[in-house]
Amino acid sequence: MKVEICPAKADGSISAPPSKSMAHRALIAASLADGKSVLRGISSSQDMLATMDCLTALGAEFCREGDLVRVRGIGKKPRNSDKLACRESGSTLRFLIPLCLLTGETYTLEGAPRLMERPLSVYEDLCKEKGFRFERKSEGLIVQGKLEAGEYAVPGDISSQFITGLLFALSLLDGDSFLRVTGEWESVSYIDMTLSAMAEFGVGIRRERDGFFIRGGQTYTPREYAVEGDYSNAAFLEALGALGGSVTVLGLNENSLQGDRVYREHFKALSEGTPEIDLSDCPDLAPVLFAVAAYFHGARFTGTRRLAIKESDRGAAMAEELAKCGVTLDLGENEITVPKATLFPPKEVISGHNDHRIVMAMGVLLSRLGGKIDGAQAVTKSYPGFFEDLRRLGIGVRER
């Protein structure tokens, strides 16, 4: 899909979409409960559908009524399934691999080519150490093995999704386990979100200085749960305000554990000067922060190494698209500099790089410059209503 965006100042109030990160966790916790749960705030994004499809394959049952989902859980033992279709969702893939290692059965996890290229070294190393099967084939990732209670270790400077997946699975084992986190921890806020979701469904994890103590034999309890608003996607809406509009985003929990809530501080710093911003705990904000920095005075960003393994190589993708608007980014191994530059409307069509956050970040910038984006359908991964919400805020968007 190609869209044309006409320059205008956004104005109005809009509700934040529900948190994708918390929704993933709530769906998994409810599916591991023995009974019926009711979840509110589950969007129809591709990532949510992927997680529900995979959990259905493992035995859970879902009934959707708008953004309300009724869940009948599977309890402690997922059923065997020929395949789990993860689509393009890295969270789905990484969260569910450990659940597939609870039964000793063989599972095949499928996904888009880019998804299956993304790093899975933590699980690959674990499977090799335990003598489990971990095999990448044309039909997908094949895993087979049976986790036992004990001590496990993961590096702290990798995606927190590996830690989340293991916490969900280890809590279901009969004996106690300890998950040791080595080195410097990154994306800590996402781990806190996992612990919060698990606690909401009756499972307690004790966080210690160097890892997590997981008491065995715990049971997830079915319940009603409302997913809070998503700071990650609200950042794109409030960026419209930062770029000269007047936008109020409703439905955000001011006491949220979401690490991406820091975008407000960063927007303020970017509007006032040329700050240095560490993205280690908020990598999903990178594209929109690059766009806002380009609009104002530039900035230096550190902790950018992991951007290369997202839905696209986000540093390189934003460099390519911002160059079309007159900004030349300096890409380093673990830092990216956005220089002060004079922006102009792009003569070339912006590429979405099949990445929802690239499309939305460039959409925000084009709301002031004008221009066209090809591959705009990528927003369905996390925020299907993005362009409709732009229209509600007074931005002209035409599909072509």
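**Close-up 1. Leu 84 and its bridge partner in strand β7 of the predicted model.** Leu 84 is bridged to Leu 109, which lies in β7. Strands β6 and β7 (residues 106–110) run parallel and are joined by three bridges.

**Close-up 2. The four-stranded open sheet that contains β6 and β7.** Its strand order is β6-β7-β9-β8, with mixed pairing. From one strand to the next, the twist averages 20°.

**Close-up 3. Contact between helices α10 and α11.** The axes of α10 (residues 286–295) and α11 (residues 314–323) come within 10 Å and cross at roughly 30°. The crossing of α10 with α11 is right-handed. Pro 287, Phe 290, Ala 291 and Ala 294 of α10 meet Arg 314, Gly 315, Met 318 and Leu 322 of α11. By class, the residues of this contact are six nonpolar, one polar and one charged.

**Close-up 4. The largest cavity.** Four cavities of 30 Å³ or more are found in a search of the whole structure. The largest cavity holds about 300 Å³ of space. It is lined by 26 residues, of which Lys 20, Ser 91, Gln 161, Asp 284 and Lys 310 are the closest to its centre.

**Close-up 5. Helices in the lining of the largest cavity.** At least two lining residues come from each of α1 (20–32), α3 (90–100), α6 (160–170) and α12 (356–369). Helix α1 supplies the largest share, four residues. The lining of the largest cavity comprises three nonpolar, eleven polar and twelve charged residues.

Technical notes: Residues are numbered from 1 along each chain as its sequence is written. This is a predicted model: local features need pLDDT of at least 70, side-chain atom pairs count only at pLDDT 80 or more; totals for chains, interfaces and linings use all residues. Side-chain values use heavy atoms; hydrogens and water are left out. Axes are lines fitted to C-alpha atoms, for helices over the stretch in contact, and angles run from 0 to 180 degrees between N-to-C directions. A crossing is left-handed if the near helix is turned anticlockwise from the far one by less than a right angle, and right-handed if clockwise. Contact means heavy atoms within 4.5 Å. Ala, Val, Leu, Ile, Met, Phe, Trp, Tyr, Cys and Pro count as nonpolar, Asp, Glu, Lys and Arg as charged, and the others, Gly among them, as polar. Two strands pair if DSSP finds at least two bridges between them. On a 1 Å grid over the protein atoms alone, a cavity is a set of points where a 1.4 Å probe fits but cannot get out, and a pocket is an open set with protein on both sides within 12 Å along at least five of seven lines; lining residues have an atom within 4 Å of a point. Grid points are joined across faces, edges and corners, and a volume is the space filled by probe spheres set on the points.
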